[in-house]
Amino acid sequence: LVGYPTQYPSVTMIDWTNGKPNARYWVLKLIKDNFHPGDKIVETRVSSADGLTAQAFLTPAGKKLLLVNQRNRSAEVALPTDASQGRTSTVDEATGEGSPRDSHPAGPSITLAPFAVTVVSWP
């Protein structure tokens with residue numbers, strides 16, 4: 001489905017006017033590239049604002065934390081102490097139709113933009 005007006009634009013992953021992938025595509029790719037069969041799901045506790053979903057994983061590449069901000073406001077999340085040396089990949093309004101933005105946590109916590117999806121990875 002490409003979102004042409006007579007089809008189902010609410011489920012498309014491609015902008016029919018320019019052919020570029022949209023945020024749905026990039027979030028799915030972010031999840032596909034970071035989590036695989038055999039990854040171990042770990043009990044996860046997050047002390048943050050309501051509307052934040054988190055799930056930690058142990059993978060062959062190291063530890064990973066999936067964070068989803070379901071609210072239309074920013075949310076600050078405290079990271080595990082060893083995660084501050086890791087990297088983040090984020091899809092949010094600032095990435096637009098582009099690929100996930102990679103960065104490194106600037107401290108013991110990160111701020112998720114409204115409706116952001118982030119994967120935090122560390123060894």
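Modeller: The structure, which is a predicted model, holds two aromatic pairs.

Biologist: What kind of pair do the rings of Tyr25 and Trp26 form?

Modeller: Their centres are 4.9 Å apart and their planes stand at 85 degrees. Planes over 60 degrees apart count as edge-to-face, so the pair of Tyr25 and Trp26 is edge-to-face.

Biologist: Is Trp26 buried or exposed?

Modeller: The cut-off for buried is under 20% relative accessible area. Trp26 has 13% relative accessibility, so Trp26 counts as buried.

Biologist: How many residues apart in sequence are the parts tied together by Phe35 and Phe57?

Modeller: The ring centres of Phe35 and Phe57 lie 4.4 Å apart with planes at 40 degrees, so this pair is tilted. Phe35 sits in the loop between helix 1 (23–34) and strand 1 (40–42), while Phe57 belongs to strand 2 (residues 52–59). The pair therefore ties together parts whose separation in sequence is 22 residues.

Biologist: Which residues lie nearest the centre of the largest pocket?

Modeller: This pocket holds about 280 Å³ of space. Its lining is made of 18 residues. Those nearest the centre are Thr44, Ala56, Leu65, Pro80 and Trp122.

Biologist: Which elements give two or more residues to the lining of the largest pocket?

Modeller: By class, the lining has 11 nonpolar, two polar and five charged residues. The elements that give two or more residues to it are strand 2, strand 3 (62–69) and strand 4 (75–78).

Technical notes
Residues are numbered from 1 along each chain as its sequence is written. This is a predicted model: local features need pLDDT of at least 70, side-chain atom pairs count only at pLDDT 80 or more; totals for chains, interfaces and linings use all residues. Side-chain values use heavy atoms; hydrogens and water are left out. Rings of Phe, Tyr and Trp (its six-membered ring) pair if their centres lie within 6.5 Å; planes under 30 degrees apart count as stacked, over 60 as edge-to-face and the rest as tilted. Buried means under 20% relative accessible area, exposed over 50%, partly exposed in between (1.4 Å probe, protein chains only). Helices (H or I, at least four residues) and strands (E, at least two) are DSSP runs, numbered from the N terminus. On a 1 Å grid over the protein atoms alone, a cavity is a set of points where a 1.4 Å probe fits but cannot get out, and a pocket is an open set with protein on both sides within 12 Å along at least five of seven lines; lining residues have an atom within 4 Å of a point. Grid points are joined across faces, edges and corners, and a volume is the space filled by probe spheres set on the points. Ala, Val, Leu, Ile, Met, Phe, Trp, Tyr, Cys and Pro count as nonpolar, Asp, Glu, Lys and Arg as charged, and the others, Gly among them, as polar.
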